[in-house]
Amino acid sequence: MVTGLFNPKTSEFAEFDPETRRLLRATVEFFESRGKAWLKQQDRDRVWYAEFLEFVAQQRIFATFLTPAAEADGDPHKRWDTARIAMMSKILGFYGMSYWYVWQVTILGLGPIWQSSNAVARKHAAALLNSGEIFAFGLSEQAHGADIYSTDMVLTPAADGGFTATGGKYYIGNGNQAAMVSVFGRRGDRPIIDSADFERRMDDSEFDGYLFFAADSRHRNYRLRKNVIDAQMYVAAFDLEDYPVAEQDILHTGRAAFDAAMNTVNIGKFNLGFGAVGACEHIFHEAVNHAERRILFGHNVTEFPQVRSLLADSYARLIAMRLYSERAIDYMRSAHENDRRYLLFNAIEKMTVTRQGQRIVEALADVIAARGFENDMYFPMALMGLFGLPRLEGTVHVNMALALKFMAGYLFHPADAGLAALRYLPGAGIAPQGVVRAVSAGLGRGGRALGPALRAVPPLRGEFDRATYDYVPIRRDVADDDFLFRQGPTSGLGRIRFADWRPVFERFAHIPNVALFTEQILALQTLLVTGPPTAAQQRDVDFLFALGELFTLIPYAQLILEQGEIEGTEEFLLDQIFDLFVREFSGHATTLHGKPAATRTQQRRALDLVRRPVADATRFDRVVRQVRAMAGQYEMNP
C-alpha cells in the first residue's frame with residue numbers, strides 16, 4: 001500500500017533497476033547538497049543552469065534516459081523507458097520547473113530525430129547526448145502559434161543541392177545552446193496549405209512542401225534574438241538567415257513531417273503531468289509544515305474548518321493526480337499499433353493533471369497566505385510553473401478537442417447498443433429524471449446481458465473485437481518503449497475503441513461516492529443518446545469544452561481506481577477523491593445546462609447529472625489526520 005507524499009530524501013526508487021536508482025538518487029543529492037537558498041538564488045538571479053548541465057553531462061543522465069536502445073551502441077543502461085523518464089520529470093518538477101524545462105525541451109527536440117529514417121542524424125544525436133548536449137524543438141512561430149500549416153520558415157532549393165532556410169521561430173526552449181534544433185518549415189517552391197480549410201480531408205500530396213530539418217544553434221547563420229521570458233530558463237526567439245540545410249540534415253518530408261510534429265508532442269506532453277505532481281508534492285510539504293506549526297487564537301491553523309477543507313480537497317486532488325499518472329505509464333508503455341488508447345490517457349495526463357495542480361497551488365495559497373510569498377519558500381517558484389504547465393504543449397482547449405474525438409468510442413461499448421433505443425422513445429428528452437433513469441438502466445442492463453448474442457451479429461462482431469484488450473500489466477520492467485517512435489499517422493482517432501469502463505467502477509461500488517459517480521456517468525450516457533450534439537454544436541468549441549469537462553473526468557476516474565486497486569489505496573481516501581469528483585461533475589453539468597447553445601433536451605438532462613456527495617465526518621477526519629501527520633516529514637536542506 002502506497003500512502004502519503006513523495007519524500008526525495010527517503011525514497012529508494014525500488015521499482016527501478018540499480019543504475020536507474022543510482023541516477024535518480026544522484027539527481028536528488030545534486031539539489032539537496034546545494035540546498036534551498038542556492039535554489040532560490042539561482043532562480044531569483046536567472047542564472048543559466050550550467051552547473052546542473054555539467055552534472056548531467058558527468059553522470060550521462062540525459063544520455064542514459066533519452067537514448068533509445070537502437071542508438072545505444074551496446075550500452076545496456078540506455079533506453080527510452082517512459083516509467084523512469086516520468087520519475088525524473090517528477091523529481092525535476094519537485095525542485096524547480098526550470099530544471100524540468102531543460103529536460104522536457106530536450107525530449108521534444110529529440111522526438112523528430114528518433115522518429116526519422118535518417119541514420120546519420122540519429123547517430124549524431126546519440127553522440128551529442130553522450131557528450132552532455134541539450135536539444136530544442138523548433139515548431140512554434142510568434143505570428144502563427146499552433147497553426148503550423150502557415151509556417152514562415154521557408155527553405156529555398158540551392159543550386160548545388162540541399163536548401164537554404166530563412167525565417168524565425170519563437171518560444172523555443174533551449175534555443176540558446178541546443179546542439180541540434182529540430183526545425184519545422186516548408187519549401188518555397190511548393191504550395192502552402194490554407195489553414196482556414198484544415199478540417200477538410202487533405203490528400204498527402206498537399207503536404208509535399210513541408211519538412212523537418214536539424215539546425216545547430218552555434219552556426220553563424222543561426223541568429224539568437226532574445227529570451228522571450230524573464231526567468232532562469234531560456235525560451236528563445238531565433239532567426240535562420242540563409243542557413244544551409246544539407247540532405248543529411250533532413251529528418252522528415254511531406255505528411256511524415258506533420259506526423260512527426262504531432263507524435264513528438266504526444267511523447268513530450270506526457271511529462272507535464274509528472275512535473276505538476278512533483279511541484280505539488282513539494283508545496284504540499286511546505287504548506288502542511290507551516291499550517292501545522294502556526295498557532296492562531298490558541299489553535300493550530302490546521303484545526304480551522306476552512307483550512308481543513310482546503311487541505312482535504314488538495315490532498316485528495318494530489319493523490320488522484322499521482323494514482324492516475326502511475327497507471328497511465330502502464331498504458332503508454334503497453335501501446336502498440338492495435339492499442340492506441342494511450343492517446344486519450346496522454347491528453348488527460350497533460351490537460352487534467354496539470355489543471356488539478358493549478359487548483360492545488362491556488363488552494364494552498366489560501367492556507368499559507370502571505371507565507372507563500374516569502375523569499376525562503378519554494379512556493380513562489382512552483383506558483384509560476386503550475387500556472388504555466390496547462391498552457392504548454394498545446395492549450396487545454398486543443399487537448400480537450402483531441403479527447404472529445406474518443407468520447408463515443410470510450411463511453412459506448414458495443415454492449416451499449418440497446419441504449420440507442422432511448423433516442424426513439426417519445427418524450428425521452430423531457431421526461432422526469434426518475435423515469436428516464438429507470439428506462440436507461442434497463443436498456444443498459446439488457447444490452448450487456450445480450451452481449452454474447454450481439455457479438456454473433458456480423459456487423460457488431462468487429463466492434464466487440466476492437467473493444468477487447470488484454471489486461472494492461474504494471475510496467476516498471478527494463479524495456480525500450482520503441483513504439484513511441486513509430487506511432488504512424490495521427491488520423492483515425494474516432495475509430496479507436498475502448499474496453500468497457502464499468503467493471504472497475506463496479507468493483508468499487510461499495511464505496512458510496514464511487515457508486516454515486518457511476519450514476520452520474522450513466523446519466524451522461526443518457527444525455528448523449530437523447531440529446532446528442534447538433535451539427536452547429538460540434539463546431540462550437542465553447543459548448544464542446546463544457547461537454548468535454550464531463551467526459552474526461554470519467555477515464556481520469558477509471559485509471560485512478562485501477563491504480564488504487566493495484567496499490568491497495570485506502571478506501572476512505574478513494575471515497576474522499578470521489579466526493580470531490582461528484583461535486584466537480586455536478587458543477588460541469590450545471591455549466592452545460594447554462595450554455596446558450598444547449599437545446600431544451602440537453603438542458604433538462606444535464607440537470608439529471610447533478611448529485612450531492614455522500615458526506616462522512618469520520619472519513620473526512622481521517623483524511624485531515626493523515627495530512628496533519630505529514631508535518632515535519634520533509635523539508636529541503638537549507
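A pocket is defined, on a 1 Å grid over the protein atoms alone, as an open set of points where a 1.4 Å probe fits, with protein on both sides within 12 Å along at least five of seven lines; its lining residues have an atom within 4 Å of a point. The model is predicted, so local features need pLDDT of at least 70 and side-chain atom pairs count only at pLDDT 80 or more, whereas totals for chains, interfaces and linings use all residues. Residues are numbered from 1 along each chain as its sequence is written, and side-chain values use heavy atoms, with hydrogens and water left out.

The second largest pocket is lined by 26 residues, and A231, M233, M381, M384 and G385 lie nearest its centre. Its space amounts to about 620 Å³, a volume being the space filled by probe spheres set on the grid points, which are joined across faces, edges and corners. Helices are DSSP runs (H or I, at least four residues) numbered from the N terminus. At least two lining residues come from each of α1 (18-44), α5 (97-114) and α10 (379-388); α10 gives the most, with 5 residues. The lining comprises 14 nonpolar, 6 polar and 6 charged residues, where Ala, Val, Leu, Ile, Met, Phe, Trp, Tyr, Cys and Pro count as nonpolar, Asp, Glu, Lys and Arg as charged, and the others, Gly among them, as polar.

In soluble globular proteins, nonpolar side chains tend to be buried together. A nonpolar core is a set of buried Ala, Val, Leu, Ile, Met, Phe, Trp, Tyr and Cys residues joined through side-chain atoms within 4.5 Å; buried means under 20% relative accessible area (1.4 Å probe, protein chains only). The largest such core has 189 residues, and F52 and F517 have the most contacts inside it. Helix α7 (residues 255-293) gives the most to this core, with 18 residues. Another core, of 18 residues, lies apart from it and includes M153, L155, V181 and Y243. Contact means heavy atoms within 4.5 Å. Beyond its neighbours within four places in sequence, F52 is in contact with F30, F31, F62, L92, Y99 and V102.

The charged residue K90 is found in helix α4 (residues 82-95). K90 is buried, because its relative accessible area is 6%. Not counting residues up to four places away in sequence, K90 touches F6, F274, V277, G278, E281 and R322. The side chains of K90 and E281 also make a polar contact of 3.4 Å, a term for a pair of N or O atoms within 3.5 Å, of which one must be able to donate a hydrogen and the other to accept it within protein, while residues adjacent in sequence count only if both atoms are side-chain atoms.

How values were computed:
Buried < 20%, exposed > 50% of the residue type's maximum accessible area, 1.4 Å probe, protein only.
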